[in-house]
4 protein chains.
Amino acid sequence: MTENGKLEIGIVGGTGYTGVELLRILAQHPKAFVKVITSRSETGLYVWELFANLREAYPDLQYSEPDVEKLKRCDVVFFATPHGVAMKLAPELVENGVKIIDLAADFRINDLRVWENFYGMPHAAPELMEEVVYGLPELNRERIRTARIIANPGCYPTAVQLGFWPLLKHRLVDVDHLVADAKSGVSGAGRGAKVGSLAAETSESFKAYGIHGHRHLPEIEQQLNHMAQTHVNLTFVPHLVPMIRGIEATLYGKLTRSISEDELQHIFEETYAEEPFVDVMPRGSLPDTRMVKGSNMCRMAVYRPQGRDTVVVTCVIDNLVKGASGQAVQNMNLMFDLDETLGLEAPALLP
Amino acid sequence: MTENGKLEIGIVGGTGYTGVELLRILAQHPKAFVKVITSRSETGLYVWELFANLREAYPDLQYSEPDVEKLKRCDVVFFATPHGVAMKLAPELVENGVKIIDLAADFRINDLRVWENFYGMPHAAPELMEEVVYGLPELNRERIRTARIIANPGCYPTAVQLGFWPLLKHRLVDVDHLVADAKSGVSGAGRGAKVGSLAAETSESFKAYGIHGHRHLPEIEQQLNHMAQTHVNLTFVPHLVPMIRGIEATLYGKLTRSISEDELQHIFEETYAEEPFVDVMPRGSLPDTRMVKGSNMCRMAVYRPQGRDTVVVTCVIDNLVKGASGQAVQNMNLMFDLDETLGLEAPALLP
Amino acid sequence: MTENGKLEIGIVGGTGYTGVELLRILAQHPKAFVKVITSRSETGLYVWELFANLREAYPDLQYSEPDVEKLKRCDVVFFATPHGVAMKLAPELVENGVKIIDLAADFRINDLRVWENFYGMPHAAPELMEEVVYGLPELNRERIRTARIIANPGCYPTAVQLGFWPLLKHRLVDVDHLVADAKSGVSGAGRGAKVGSLAAETSESFKAYGIHGHRHLPEIEQQLNHMAQTHVNLTFVPHLVPMIRGIEATLYGKLTRSISEDELQHIFEETYAEEPFVDVMPRGSLPDTRMVKGSNMCRMAVYRPQGRDTVVVTCVIDNLVKGASGQAVQNMNLMFDLDETLGLEAPALLP
Amino acid sequence: MTENGKLEIGIVGGTGYTGVELLRILAQHPKAFVKVITSRSETGLYVWELFANLREAYPDLQYSEPDVEKLKRCDVVFFATPHGVAMKLAPELVENGVKIIDLAADFRINDLRVWENFYGMPHAAPELMEEVVYGLPELNRERIRTARIIANPGCYPTAVQLGFWPLLKHRLVDVDHLVADAKSGVSGAGRGAKVGSLAAETSESFKAYGIHGHRHLPEIEQQLNHMAQTHVNLTFVPHLVPMIRGIEATLYGKLTRSISEDELQHIFEETYAEEPFVDVMPRGSLPDTRMVKGSNMCRMAVYRPQGRDTVVVTCVIDNLVKGASGQAVQNMNLMFDLDETLGLEAPALLP
């Protein structure tokens, strides 16, 4: 804590899009003070040299070499790193009373064999897994409040889980044939220099990718299994949209019983009635991703087209906010007993 | 026919995107001569005053008032009009030996009660419906050759049909639970001045729309019924992509029997082996819409993710070419016994 | 004033992009309460029905018929209307002690013959012109504090003035040959349904427009004349960029004396040293419009290429924020003796 | 020559955007046969594995190791390589009667000290410079017909030269104060994996760059000097536009004498009256880059705003066509005495 009662915050690996987004959000957070931000490759650079939008908010903040001693003096450390970094530093930090929020995948998968298979490395902190809390407040709010380590959900998983939750909770869909047709803006691919992410390669085009098995699939299935309290079969097809921010997930399920759109609407509204960041839109409306651009809101709508036995949910988030850094701050607020919406009230930027 | 053996062509309503696209394609067609183009609102204007890309190809072509006498002297008349225009002029033209290719929906739906219900007007030429041929060459090539009236397929219906056809032909999927999650660029909404089509409203955003019943749904279901030779149930959700051209359809079906991806690939390749404008991509690859931008190709791939019982097809076309004007020219080529690919050989524009 | 000390605010004509942007900014302003928003065409609609990003911030705010009696009870009224509306309502409001901030052009041009010629209508409130203050705080801060009527500057004029000001102030450029090559995103054209503003017409394209005389030219020249205290000749060419937000102005002047880039940099930095919303970037860097997206900052850089006698300034703003609604709120803060940056501190949204 | 009279063509380095564009254009060229295409990094790959738009046009073409023996058997070799490659292979090829068209900068700058200074390497073939012809057909058509080595112009230089040529030819502008404010789509930065070219970095943003000295500046100045037959001073500021293709150059000059817009229009029209690929648009119109997307046309308009002494030209090309590969094919046509427009007649893709 600073003298004026602000949380002292460390960010490990803040040169990517979730890093700059964390800084942007924390700049508006009255209880946040970013004390240290690390980057091996950019040590010495001011953050505004990479991200000039932050010139006024962080005139003096520089990237430094990762240094556990410095991080230990923080109240909370966010990992906005590639996979495999957080699990190495977490044990020592946790032991020293620092709370951890990992925006990467190190702590998301309970079954470490699955994790190790997918990420191709041994897990460095299996002993911590038991106490990890999956940071989706709509599901795990109370456990988040007392957690020491948060596995912040992936972007696709956030949208897919929030959309399916009311249906699974009420056992309304056949769990053997769930379909999630998801679409993401290009920032989801990160700030790495790859030909496939060039503007001239992705603009004015749309495609499916990763059909054979996206790295988010195990996370989503683990969570849907948990929600359904049984084994689900999900077909998950991600797509790339020529826009910077935003995820839309169109979810399809076969209804297990006849239910009117009015009832569906009621169930969705009731499920999320108390949620500050989930908006079930009025019947007949549909969400655009721009309705949440830059904001921590998730908006969704539910339909039963032509009155047949398929239910359709469309659900949008900003992949960098509710799908990453905004949700991380929401978790931080819960962990430190702050108002859950602190720093996250700004409306989406539209147009 | 002109003296040098070119088809004399009329275009009714050439001020929209399918109109300019027809002109662009016909400009490269060695057997085409655009004799007349009509537009009530733009009479007197040179086409290049609206579409400056056509300055060199059509230096002298002007929009004129629709005039049946002039149209009667054409070999073929394309209708690139709103719905409801072609059906009024078609009878007199057909009677005078003029072939008709309607890019709108007037002749697409066999069940006129359905048509009238959807389009909110009585049909003006029910007596012609029997001889209309639905202009999807991959399905109806021989009938198209001798047709007098072609109902040129809609853009979404083209993509969805071509993707589902191998599966339905071989009865590989449960027809009660088909899902088509389709995405279109903004040119699909036409050149009308609507707030919802403004750049500031659609750029940097993605959304589902028309879930309750898109006007293309009856056309798609009619055709899938025909393919499956039974009644199918399709859930069709269109989406708007912030790009100008292109449609991608991701299709989901529950397999009726276990079948390997190799076999699926083989069935798809065999189905389209002789098709000049359908490309089944090699196993492991996936189509982008930019791979067909400005071209008449349809590219697709088939997958069985995680070896489960859901088959996924992703299929791309350019909505203005294979989804409209290119397919119309392909139909014209067939109707006049020309090489089917004439004027349609140009590769897609990439990047 | 509300009981808890907030300004009671009226917005006339809040259905366009400057309207929604005002609402977005005011939602984060601790001293603002939007009491009434009017729209003839949308009376009865909730603002979130048009702009779903505002669902949480304004759950109950509805458009109402313009009603002077209601507006009179506000502390300040913003006009986010087409030209010609503010001048009709202003006299009665001002008389009743309501402060006026007009985001349209009604009060921007001192020479009413020029105004009437450009806008094609007689001016309805010539008697008010004398007390109007042109709301560019960097030039007129003290006069703004006590003004009753603010003419909020246009978007292009804001960028061009801020970029030229240090040069004109120090008489560094030949005022007979100024060039402003300016570029704007598509939101600058407004939310009206026009073919020329469709996504399919403006995406993936770039063009100059309005060379013969853009409606912002008289405003810019009046202000540059004022800055230079002599008559200037400006060639102003606006261009349309396929993006939603942002203006970049590249300014060219012939130097009147030899001056190093270091000196130029120093003069620019000194001119804006105390300005909260003007950032003279460090030597060698260049601003992108995305560095100010959604924020009230203006960023600029100054160069003397190849050491020749032409000076180049590049200057970026968000056309809807510093170029319209953000600047309007900055003016409001000054007029009501609030911290000038209140509600305007959020960093730009990047990426 | 092939047996059926086609030119045998080699392409060195065809994995970038000018390479794929050459292949696209040559696919439609009736006298072209691409015999060999080389790429060290992609040897063995089919070109359609990189560029799926070419699957039908080049089903069997594979990248091969650069091999001078194979290239020697071509009629013409295009270099679509980074700078520094063509100059090394050119001597041996030319000696063997192969014509060379270099799309990079190796042969563009006559003053090799300038070249070596800019490109940071010694020039490998100074002995060839004397016979090199700068491949701008509008200036050098007759010399191109008999050339053995063509330096294909850069994209910015093409647009700037064509726009200034009528003014310089008629000595209408003060050559000491020329300004070229140029804007390019992102494909101009090439297909290299760079953070600055990512979609998430360049979309929805606009910026000036390279003010201190773009690598195209020496080429432009050399050519303008040549046109003006005296030394010119040009201020050249390039900008990056969030679109894939297209260059727009807005050119400013101070008139040396009073001249009406009618006269200016006449001079421009007369200058380019016989040019198949330069379109002086009618008075009062303005070019968009989309009017030339995918085509070899250059379109321009000339204005004298407010009747003052500054003349403004706006000029658009497709940077990959008239600015690179299309112009290269135009040069090839001239060198082999073919119709200059062969393979280049397709209208621009609009929308």
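## Basis of the description

The model is predicted: local features need pLDDT of at least 70, side-chain atom pairs count only at pLDDT 80 or more, and totals for chains, interfaces and linings use all residues. Residues are numbered from 1 along each chain as its sequence is written, chains are lettered from A and ligands numbered from 1 in the order in which they are written, and side-chain values use heavy atoms, with hydrogens and water left out.

## The interface of chains B and A

In chain B, 49 residues are in contact with 49 residues of chain A, where contact means heavy atoms within 4.5 Å. Together the two chains bury about 4,200 Å², with 53% of this area on carbon and sulfur atoms. Buried area is the accessible area (1.4 Å probe) that two parts lose on being put together, summed over both. Of the area that chain B buries against chain A, 16% is supplied by Glu204(B), Phe206(B) and Ile211(B), more than by any other three residues.

Six salt bridges are found across the interface of chain B and chain A; a salt bridge is a side-chain nitrogen of Lys or Arg within 4 Å of a carboxyl oxygen of Asp or Glu. In one salt bridge, the side chains of Glu201(B) and Arg290(A) meet at 2.5 Å, N to O. Between chain B and chain A there are also 30 residue pairs in polar contact, both residues being at pLDDT 80 or more. A polar contact is a pair of N or O atoms within 3.5 Å; within protein, one must be able to donate a hydrogen and the other to accept it, and residues adjacent in sequence count only if both atoms are side-chain atoms.

Among the elements giving two or more residues to the side of chain B that touches chain A are helix H8 (199-202), helix H9 (217-228) and strand S11 (247-254) of chain B. Helices (H or I, at least four residues) and strands (E, at least two) are DSSP runs, numbered from the N terminus. This side of chain B has 21 nonpolar, 13 polar and 15 charged residues. In this classification, Ala, Val, Leu, Ile, Met, Phe, Trp, Tyr, Cys and Pro count as nonpolar, Asp, Glu, Lys and Arg as charged, and the others, Gly among them, as polar.

## The interface of chains B and D

Chain B has 35 residues in contact with 35 residues of chain D. The area buried between these chains is about 2,700 Å², of which carbon and sulfur atoms give 65%. Pro347(B), Leu349(B) and Pro351(B) supply 24% of the area that chain B buries against chain D, more than any other three residues.

Four salt bridges are counted between chain B and chain D. Arg299(D) and Glu56(B) meet through their side chains in a salt bridge of 2.8 Å, N to O. Helix H1 (17-26) and strand S12 (278-280) of chain B each supply at least two residues of the side that touches chain D, and H1(B) gives the largest share, four residues. The residues of this side comprise 21 nonpolar, five polar and nine charged.

## The sheets of chain A

One open sheet of chain A has seven strands in the order S9-S10-S8-S11-S14-S13-S12, with mixed pairing; two strands pair if DSSP finds at least two bridges between them. Its edge strands are S9 (207-208) and S12 (278-280) of chain A, each pairing on one side only. Strands S13 (residues 298-303) and S14 (residues 310-317) of chain A run antiparallel and are joined by five bridges. Within this pair, Ala301(A) has Thr314(A) in S14(A) as its bridge partner.

Another open sheet of seven strands in chain A has the order S3-S2-S1-S4-S5-S7-S6, with parallel pairing. Strand S3 (63-64) and strand S6 (133-134) of chain A are its edge strands. Three bridges join the parallel strands S5 (residues 99-102) and S7 (residues 149-151) of chain A, and Asp102(A) stands opposite Ala151(A) in S7(A).

## Local features

Over all chains, the structure contains 104 salt bridges. One of them pairs Glu65(A) with Arg40(A), the closest N and O atoms being 3.8 Å apart. Glu65(A) lies in the loop between S3 and helix H3 (68-72) of chain A and Arg40(A) in the loop between strand S2 (32-38) and helix H2 (47-50) of chain A, so the pair ties together parts that are 25 residues apart in sequence.

The peptide bond from Leu350(B) to Pro351(B) is cis, with omega near 0 degrees; Pro351(B) is in the segment after helix H11 (321-335) of chain B. Gln229(B), in the loop between H9 and S10 of chain B, has a positive phi of about 55 degrees although it is not a glycine.
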